[in-house]
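Subject: Structure for you to look at

Dear colleague,

I am passing on the structure we spoke about, and I would be glad if you looked through it before reading my notes. What I found is set out below it.

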Amino acid sequence: MIEYLRDWFWTYIWKPLPDMPFGDWMDSLIRWLRTEWSALFSGIEVFLETIYFGLADALLWLPSGLMILLFAGIAWAAKSWKLGLVVGVGMFIVGWTPYWEATMETLAMVVVSALIATALAIPIGILASENRIASTVTRPVLDFMQTLPAFVYLLPVVMLFGIGETPGIIATIVFCMPPGVRLTELGLRQVDREVVEAGQAFGASPARILLRIKMPLALPTIMAGLNQVIMLALSMVVIAGMVGGGGLGSQIVSALGRVEIAQGFNAGIAVVFLAIFLDRVMQGLADRTPVARAAAMAR
Amino acid sequence: MSALAVDSLYKVFGKGAHQAVAELKSGVPREELTNKKVTAAVIDHNFEIASGEIFVVMGLSGSGKSTLIRMLNGLVEPTAGSIWVDGVELGGLSNKGIRELRRDKVSMVFQHFALLPHRTVLENVALGLEIKKTPSAERAAKALETVEMVGLGGQEDKLPSQLSGGMRQRVGLARALAADTEILLMDEAFSALDPLIRQEMQDQLLELQKTLRKTIVFITHDLNEAMRIGDRIAICDGRIVQLGTAEDILMHPANDYVSEFTADVDRSRVLTAEAVMEPFPGTDTSDFEKVESDTLVSELYEQVLSSEDPLVVVDESSDPLGVVTPRAIIKSLAPENDSPEADQEPQQA
């Protein structure tokens, strides 16, 4: 019986179908974009490379010893002297490895990607929190962005921009943006309805309610989202290294190719300390938002 | 001109609201609407509130009282009917017009205070002034003055989380008062507070009202509270079941819904000498002790006990109106006297 059904499906449903076309459509779309919209893509490339190289150069401008002190100082200012100490020691170890330059390049890539992702995520999150239709549309798109294997969209991006830093940055932006949007929407939706009503009852305009009431109250949640954005961006650099993204990613990829355990481990340590620095500093900043501080004072 | 007026006001939530309103207009009770998916919150409300009056809306949860108060400042749009605030009809206003009306004429106090947790007491109180774009020096002075008026002097730099519930609601009240509007909407403003603090806040509100003379719409589910502070009380259950003074409602409850509420009201704090007095016994009363007609029954006990004779109730111009006897007082405190027939007895005797 089952065999019969299988044969029936094969003969009458699958066999008469032409080859599945979605992949080919995507292929022709990318080719079409590449020929017809090349000006746009080279513009994007110039823009991203300018800020990326600018930032990487700036980070490498000072000697590593001073930069280590600077990182430790930032950590101290953002959270506590203990964190400053941990970051100082961690960054010292990173400077000790041969990958200080690669680490700064990676940091520049993370910062550029995370900044652009944030600049896109917050307005989209605001829109989704205010508008039901926008919320229903963004949700599956974000799911798609997060679950589609990174290698899959790396391919068209490489086709559009060629090998180099740009496809790495773009793939990172796509990959790390979703939590920024989601937590912005969530944070804004979670704001106490009565407090929003109070703003309305005193005659505040919608823009004022958003900026002066909803945003400050949602800020701790939004900051948690941005922390995730940064962490995801950092986790994406290894993959970006595969397409010539430079930084620690390319070190790890080449270590993987040649089974160089020492090289891979050194670059891996650098990623870990960078992650600790970024995560704890963001946490420190999140604890410093006015609402979080007020909540801490109540305890 | 009344400060606030409401004319055949309806609010029905859900699809098919207008049809439901038509049904309600023809007298269908809200439980028997054909469309079961709509919720009729406010049904056929008509009332006028005079300037300087405290108008209390009382009802259980789900009786539409929160919806009603939110319609008065345009936070909820009515399904049918009209609302006039200070002679201006809300339905005819643009969004901008409504916002201006809220800034200048109507402010609100919320059940759970609705303060901004990251702002100090002073900054919270100044919210309305900030939205009105009052210059900052004037704003700070005005906010500070209001903070002191509600008895929070010295607390102005604290955060709401550092204050007790009663103090937080004082901030909420100060915020509404600082906006300097004629009308004050209070949505279950004292319901989240402990009984003792609640009473304190009621006293403070009445004390402030003596000098401020605002028009106050006060929502509550507590009839004791309603009777303590309300000049007039509207008892709601979708429709307005009864509208009148505390005494009216206590002496002549309109139906079982109302008398269920009145059963556990402290009558001695609502009823006055005039309400419980009996007609003259026909003897000479000129030597008897006198009491003002608006004295509460709870304040008569001692005088009645210490006097051999009944007390004479006099009006403002000292004309005698009737007499109060211990018997009359005891009778007035027993809820069985609620029914109109029982109420007639003393006059027939």
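Counted over all chains, the structure holds 25 salt bridges, and please keep in mind while reading about them that this is a predicted model. One of them joins the side chains of A:K214 and A:E130, with 2.9 Å from N to O. Because A:K214 lies in helix α11 (residues 206-242) of chain A and A:E130 in helix α6 (residues 100-130) of chain A, this pair ties together parts that are 84 residues apart in sequence. A:K214 counts as buried, since its relative accessibility is 15%, whereas A:E130, at 48%, counts as partly exposed.

Another salt bridge, between the side chains of A:R208 and B:E130, has an N to O distance of 3.0 Å, and this pair crosses between chains, going from helix α11 of chain A to helix α5 (residues 127-131) of chain B. B:E130 has a relative accessible area of 11% and is therefore buried.

Within chain B, B:R232 forms a salt bridge with B:E53, and their closest N and O atoms are 2.5 Å apart. This pair links distant parts of the chain, 179 residues apart, with B:R232 in strand β9 (residues 232-237) and B:E53 in the loop between β2 (39-49) and β3 (54-58). B:R232 is partly exposed, with a relative accessible area of 23%, while B:E53, at 9% relative accessibility, counts as buried.

Turning to the surface, a patch of negative charge gathers B:D284, B:D287, B:E289, B:E308 and B:D309. Of these, B:E289 is found in the loop between α12 (273-276) and β11 (290-292) of chain B, and it counts as partly exposed at 35% relative accessibility. There is also a nonpolar surface patch of about 1,200 Å² in chain A, whose members include A:M1, A:Y4, A:W8 and A:L17. A:Y4 lies in helix α1 (residues 2-14) of chain A and, at 55% relative accessibility, counts as exposed.

As for chain A as a whole, its secondary structure comes to 14 helices and zero strands, and 46% of its 299 residues count as buried. Among its contacts between residues at least 6 apart in sequence, 78% join residues at least 24 apart. Chain A has 19 positive and 21 negative side chains, and the centres of the two sets lie 11 Å apart.

Methods: Residues are numbered from 1 along each chain as its sequence is written. Chains are lettered from A and ligands numbered from 1 in the order in which they are written. This is a predicted model: local features need pLDDT of at least 70, side-chain atom pairs count only at pLDDT 80 or more; totals for chains, interfaces and linings use all residues. Side-chain values use heavy atoms; hydrogens and water are left out. Patches are made of residues with over 30% relative accessible area and no salt bridge: like charges are joined within 9 Å, nonpolar side chains (Val, Leu, Ile, Met, Phe, Trp, Tyr) within 5 Å. Accessible areas come from the Shrake-Rupley method with a 1.4 Å probe; for residues, only the protein chains shown count as cover. A salt bridge is a side-chain nitrogen of Lys or Arg within 4 Å of a carboxyl oxygen of Asp or Glu. Lys and Arg count as positive and Asp and Glu as negative; His and the chain ends are not counted. The place of a charge is taken as NZ of Lys, CZ of Arg, CG of Asp or CD of Glu. Helices (H or I, at least four residues) and strands (E, at least two) are DSSP runs, numbered from the N terminus. Buried means under 20% relative accessible area, exposed over 50%, partly exposed in between (1.4 Å probe, protein chains only). Contact means heavy atoms within 4.5 Å.
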